[in-house]
Amino acid sequence: CVLVRLGQNIATVNPTPGSAYIEKTKDDITIKCSKVGYVVATYINKSDSAGATFGNIVAGGVIGWGIDSASGADNKYESPVNITLPKK
């Protein structure tokens, strides 16, 4: 499986199952998995606001939240992601 963000490969998981460390940003990640004899599967892992964002605003103020929000540090991705490849 290859993980792509903004048109650039950011990680490869081989063999699968496996894992990859991904830095949080505000940009979605496209995951494409392929294997001989199977249909290629694609999944878009959307970057979404983390539940702790409100707590960060209270603890760090609007300036701290603004910095985290601009970089995507207050976002999260779905984890774990399970992708099934159907046989051809």
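What follows is a set of questions and answers on this predicted model.

Reply: This is a predicted model, where local features need pLDDT of at least 70, side-chain atom pairs count only at pLDDT 80 or more, and totals for chains, interfaces and linings use all residues. Residues are numbered from 1 along each chain as its sequence is written, and side-chain values use heavy atoms, with hydrogens and water left out.

Me: What pattern does the protein chain follow along the sequence?

Reply: Helices (H or I, at least four residues) and strands (E, at least two) are DSSP runs, numbered from the N terminus. The protein chain has 1 helix and 6 strands. Read along the sequence, the pattern is β-β-β-β-β-α-β.

Me: What percentage of the residues of the protein chain count as buried?

Reply: Buried means under 20% relative accessible area, exposed over 50%, and partly exposed in between (1.4 Å probe, protein chains only). The protein chain has 88 residues. The buried share is 19%.

Me: Which residues form the covered face of strand S1?

Reply: In a regular strand the side chains alternate between the two faces of the sheet. S1 spans residues 2-5, and Val2 and Val4 are on its uncovered face. The covered face holds Leu3 and Arg5.

Me: Which residue in S3 is the bridge partner of Leu3?

Reply: S3 covers residues 29-33 and runs antiparallel to S1. The two strands are joined by 3 bridges. For Leu3, the partner in S3 is Ile31.

Me: Is Leu6 buried or exposed?

Reply: Leu6 sits in the loop between S1 and S2, a hairpin with 2 residues between the strands. Its phi is near 55 degrees, a positive value in a residue other than glycine. Leu6 has 68% relative accessibility, so the label is exposed.

Me: What is omega for the peptide bond from Asn14 to Pro15?

Reply: Pro15 lies in the loop between S2 and S3. The bond from Asn14 to Pro15 is cis. Omega is near 10 degrees.

Me: Which residue does a cis peptide bond join to Pro80?

Reply: Pro80 is in the segment after strand S6 (75-76). Omega of this cis bond is about -5 degrees. The residue joined to Pro80 is Ser79.

Terms used:
Two strands pair if DSSP finds at least two bridges between them.
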